[in-house]
Amino acid sequence: MGKKNEIPSGLYRLLAGYHVKKDDIIAHTETDMNLEGEFARGYVILTEKKLIVATSEPDRTEVYQFKGAGNLRDLHRQKEKVWVAQFYSVDELERLEVLRTVCGGVLYSTSKKEMPGSVPDVQLSAITNMKMGDMLRIVKLFDILKEKKTLTEEDIKEEEEQEEYCPKCGTMYPDKDRKICPKCMDRRSIFVRSLSYFAPYKLKIALMMVCYVITAGLNLVWPYLSGTILYDRILAKDEHFLQILGIPGMKFVTALGLIVLTMLLTKITLQAVGILQGIMTATIVPDVVKEMKTEVFRSMGRLSIGFYNKRQTGSLMTRVLSDAERVTGFFIDGLPYLFINVLTIIATAIVMFMMNWYLAILALIFVPIIFTISFRLMPRLWQFYGRRHRAERAMNSRLNDNLTGARVVKAFGQQESEMGRFDKNNSRVRSAEISLMHFDNKFFALYVIFEQIANVVIWGVGSYFILSGTNMEFGVLMTFVGYAQQLNGPLDFMSWLFRWFTESMNSAQRIFEIIDAVPEITEKPDSVHMETIRGDIRLKNVTFGYEPNKPVLKKINLKIEAGKMLGIVGRSGAGKSTLVNLISRLYDPQEGEIFLDGVNIKDIAFRDLRRNVAMVSQETYIFMGTVAENIAYANAEASREEIINAAVLASAHDFICRMPDGYDTIIGSSGRNLSGGERQRISIARAILANPRILILDEATASVDTETEKAIQASINLLIKDRTIISIAHRLSTLRDADRLVVLDNGEITEEGTHAELVEKKGTYYKLKELQTKALALRGVE
Amino acid sequence: MSGKVKKTLAGTEKDHADPEEFDLEKMEKETEEMLRLRFITKENAVFERTEGGFVSMEIEGEIYPRVQVYRSFPFTDPDAYISIREPDEKAKEIGVIKNLRKDVSKETRQMLEEQLRLRYFTPKIEKIINIKDEYGFAYFDVLTDHGACRFTIHMGGGSVVNLSDTRLMITDLDGNRFEIVDVTKLSAPELKKLDLFL
């Protein structure tokens with residue numbers, strides 16, 4: 001089991017004292033709790049003759065590491081402990097079991113000796129969920145050992161040695177099947193990754209950049225024109241300047257005209273460049289936003305059903321809708337301005353230094369201070385944005401919940417209290433927004449204060465220089481003030497940019513989280529294409545649970561022949577729906593295999609599998625669109641006749657024709673309301689039209705009336721000719737025509753056979769049948 | 001694997017697969033039983049520790065060599081409506097203790113609390129040393145009433161649940177639980193670390 005599970009040398013010494021050698025040990029696992037309900041290290045060790053439970057005292061100074069949080073190095077540093085071992089004879093123990101607790105388990109044994117009045121169950125050891133898998137393996141090996149008296153290499157062999165720690169830094173992988181070390185992972189930052197979405201627009205972006213450079217350059221020229229040149233050259237009547245201009249003589253008015261014209265041109269060019277850049281922005285942004293939304297949506301489609309079960313619809317919607325815009329907004333508006341502003345700041349600084357270096361120092365001394373503070377405050381800002389996002393998400397979910405359940409809310413007259421609940425979420429968004437603004441304002445105030453101080457200092461010191469007659473001209477001071485004010489814009493922008501950047505990266509992170517999510521069910525690269533499928537299904541030792549180590553189905557073995565109908569009966573929660581979910585591969589079994597025509601369904605191409613297996617489940621869903629579109633959902637090319645045929649077979653044709661708009665009736669969320677039975681019949685028609693080899697009906701006729709059900713049954717009898725049908729039903733009459741029936745109980749098949757055989761057996765099926773015919777029959781009606 | 005639990009303990013389970021003819025009356029009696037809530041008090045029931053560390057029980061002449069003890073309101077009212085159930089997977093209810101503090105003797109209460117302690121084992125976080133979130137996971141480094149723990153949770157939905165405005169339940173990658181009983185008792189820097197989940 002690698003190093004993490006190694007038996008400490010102190011325990012080995014203790015075992016040696018009891019003549020248990022290292023080689024005797026077949027399997028062992030670490031345990032992390034004692035039976036008093038405290039963390040304590042221990043081991044359960046299995047040899048051919050003995051089961052050894054070793055314990056140590058709880059150690060409060062130790063750090064208990066759970067999955068994903070551990071580090072190999074820390075484990076090596078564990079202290080030696082005083083071990084106490086208890087020995088149980090394998091012969092005397094009847095069986096080992098793990099009693100599940102809320103987040104762990106208790107290993108206990110049952111011995112052969114019957115004690116009067118008491119169950120001989122003995123608690124041996126306790127574990128948290130982290131050790132559950134390892135413990136269940138010991139139990140499994142123990143079972144085999146009891147059965148066969150000895151264990152072969154094959155039995156002991158562990159299912160594919162899984163590396164749990166990053167070989168580079170020793171950090172435990174959070175997800176064993178996805179060996180990505182959070183520390184050593186490719187550090188391509190979110191920023192660079194977001195940037196890559198703009199790669200196709202290189203040319204346009206280059207053009208934008210040119211615009212920005214022009215803007216920055218002209219911005220630099222402006223204060224010089226309006227300051228030094230205007231005051232010190234023209235108003236001060238500098239002859240030398242006229243010579244440079246090439247118009248020697250006394251015509252200062254002409255020079256003034258030229259300067260004014262240049263100034264005008266500068267402003268016009270600035271505006272023109274601004275417009276051009278605006279056009280570029282307008283063409284790039286919508287494209288990138290669309291691209292991002294498409295990718296998020298595509299990733300969501302790729303993900304397995306389990307992903308959706310874990311998340312709320314409202315929160316997923318926020319991701320697709322607003323996050324993409326937030327990311328792009330920053331990149332297209334923020335980033336170029338950052339570029340231009342940094343350029344402006346640097347160029348301005350250089351010019352200022354060239355003009356008068358001590359004034360420049362005074363003007364610029366605050367810039368690095370502001371930047372340092374900004375960087376330090378950024379994580380805080382990040383948190384505020386995260387909090388606002390979560391508040392928004394909670395509100396969206398609440399809204400979604402409420403709108404979906406509108407009927408229940410009305411029926412119980414709970415509008416008032418729902419209002420209160422919504423208000424609570426709404427207020428949370430408000431306070432998150434306020435605290436964000438609050439923080440942001442402080443941020444902004446900080447900038448403004450520094451800028452103003454810098455301005456006042458320049459005025460003061462500059463004027464002092466002029467008064468004291470140092471080589472400082474009035475025009476230079478004017479230019480300087482112009483430059484200093486020009487710095488204000490970019491600096492204000494920077495304060496804003498930090499906020500913007502944080503917000504955008506926050507959104508980007510959420511988007512990538514979805515894009516990077518690995519689907520639990522994947523198509524093999526070399527998947528088998530199966531044009532035609534006969535419909536033979538075989539389940540071999542299938543074990544599955546929605547949560548690890550909590551099996552819903554246990555070692556199911558089942559054979560369904562092509563062209564036959566199998567009925568599945570069982571209590572609610574027995575695992576019936578889970579079983580068919582596995583056959584249609586919405587989930588993959590944790591152990592065992594499922595074969596379709598002798599081919600493991602994991603090897604079959606998704607397209608072929610989906611085309612050949614159709615399911616009508618308990619939850620019917622009607623998409624926005626017409627009745628015809630809904631029926632033809634899986635086969636958009638179906639002809640009108642095919643659609644009608646499917647509807648007739650599903651006993652839906654009648655009620656569809658009775659609606660004023662017939663097959664063109666708009667149904668779904670914005671259209672006409674259908675009853676539960678009507679929805680079900682449309683779903684059945686949808687499945688029939690898909691023309692699958694395997695048709696799964698999961699309580700498909702539960703909401704239709706008895707008469708309609710009879711009609712649907714008759715059509716199923718027609719359909720079965722070249723199909724395999726699996727039908728789940730509580731109402732046994734639904735399964736009357738099934739060739740074979742299985743009874744599922746607690747995730748196991750408890751009875752199997754034809755209707756007659758099962759009645760003969762007088763088991764659960766018989767009991768159910770009697771209950772439905774006798775106990776539930778209306779008294780005196782019959 | 002655990003499917004075998006049922007068979008092991010079959011001695012305590014009433015045989016459901018009735019070999020005799022269908023008995024409507026028996027069935028109806030069972031149904032009635034299902035609809036009745038039986039309250040357990042110190043007058044009608046006796047609990048005892050078993051040698052193996054479990055608890056046995058006798059109520060109105062019925063003997064249960066091993067029972068399971070469940071809470072009905074584990075978060076909001078841990079002492080109320082303690083459900084005593086049969087030990088197999090189906091865990092049929094035997095009866096309910098309305099109030100663990102009043103309705104049973106002190107010894108019984110201690111006995112049952114021992115069972116509850118194991119079943120509902122949840123370390124309570126007393127101090128947050130560090131929380132780091134990276135690439136879809138958050139790494140917690142905390143001090144609990146059971147010692148120092150480091151664990152990891154999935155970001156994005158479901159791992160941190162607000163039991164009330166001030167109480168948090170945190171579930172790690174394996175489904176282990178950690179509780180923060182009152183977030184207002186945490187220091188300001190700790191709250192700042194936890195901010196992501198509030």
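**Figure 1. Helices H12(A) and H14(A) make a left-handed crossing.** The model shown here and in the other views is predicted. H12 covers residues 366-404 of chain A, and H14 covers residues 415-467 of chain A. Their axes lie 9 Å apart and pack at an angle of about 165 degrees. Angles over 145 degrees count as roughly antiparallel. H12(A) is therefore roughly antiparallel to H14(A). The residues of this contact comprise 20 nonpolar, four polar and nine charged.

**Figure 2. Helices H6(A) and H8(A) pack with a left-handed crossing.** H6 spans residues 202-235 of chain A, and H8 spans residues 252-302 of chain A. The two axes come within 9 Å. They cross at roughly 160 degrees. H6(A) and H8(A) are therefore roughly antiparallel to each other. What kinds of residues make up the contact of H6(A) with H8(A)? The contact residues divide into 21 nonpolar, seven polar and one charged.

**Figure 3. Helix H21(A) is largely enclosed by the rest of the structure.** The helix runs over residues 676-689 of chain A. At 1.5 Å a residue, its 14 residues should span 20 Å. The end C-alpha atoms of H21(A) are 20 Å apart, which agrees. Of the 14 residues, 12 are buried, so the helix is largely enclosed. Among the buried residues are Glu678(A), Arg679(A), Arg681(A) and Arg686(A). Gln680(A) and Ser683(A) are buried too. The list also includes Ile682(A), Ile684(A), Ala685(A), Ala687(A), Ile688(A) and Leu689(A).

**Figure 4. Helix H3(B) has buried residues along one face.** This helix holds 14 residues, 106-119 of chain B. Which residues of H3(B) are buried? They are Thr108(B), Met111(B), Leu112(B), Gln115(B), Leu116(B), Leu118(B) and Arg119(B). Seen down the axis of H3(B), these buried residues fall within an arc of 165 degrees, so they line one face of the helix. An α-helix has 3.6 residues a turn, so residues three or four places apart point the same way. On the other side of H3(B), the exposed residues are Lys106(B), Glu107(B) and Gln110(B).

**Figure 5. Arg193(A) and Ala508(A) are 315 residues apart in sequence.** In space, the distance between Arg193(A) and Ala508(A) is 8.9 Å, C-alpha to C-alpha. Arg193(A) belongs to helix H5, residues 190-195 of chain A. Arg193(A) has 16 C-beta neighbours inside 10 Å, so it counts as partly exposed. A buried residue would need 20 or more.

**Figure 6. Asp597(A) has a positive phi.** The value is near 50 degrees, in a residue other than glycine. Asp597(A) sits in the loop between strand E12 (591-596) and strand E13 (599-600) of chain A. With 17 other C-beta atoms within 10 Å, Asp597(A) is partly exposed.

**Figure 7. Glu60(B) is a non-glycine residue with a positive phi.** The angle is about 45 degrees. The loop that holds Glu60(B) lies between strand E2 (55-59) and strand E3 (62-71) of chain B. Is Glu60(B) buried or exposed? Glu60(B) has 9 other C-beta atoms within 10 Å, so it is exposed. The cut-off for an exposed residue is 12 or fewer.

Key. Residues numbered from 1 in each chain as written. Chains lettered and ligands numbered in written order. Predicted model: local features only at pLDDT ≥ 70, side-chain atom pairs only at ≥ 80, totals over all residues. Helix = DSSP H or I, 4+ residues; strand = E, 2+ residues; numbered from the N terminus. Expected span 1.5 Å × (residues − 1). Arc of directions from axis to C-beta. Axes fitted to C-alpha atoms, helices over the stretch in contact; angles between N-to-C directions. Parallel < 35°, antiparallel > 145°, perpendicular 65-115°, else oblique. Left-handed = near helix turned anticlockwise from the far one by under 90°. Nonpolar A, V, L, I, M, F, W, Y, C, P; charged D, E, K, R; others polar.
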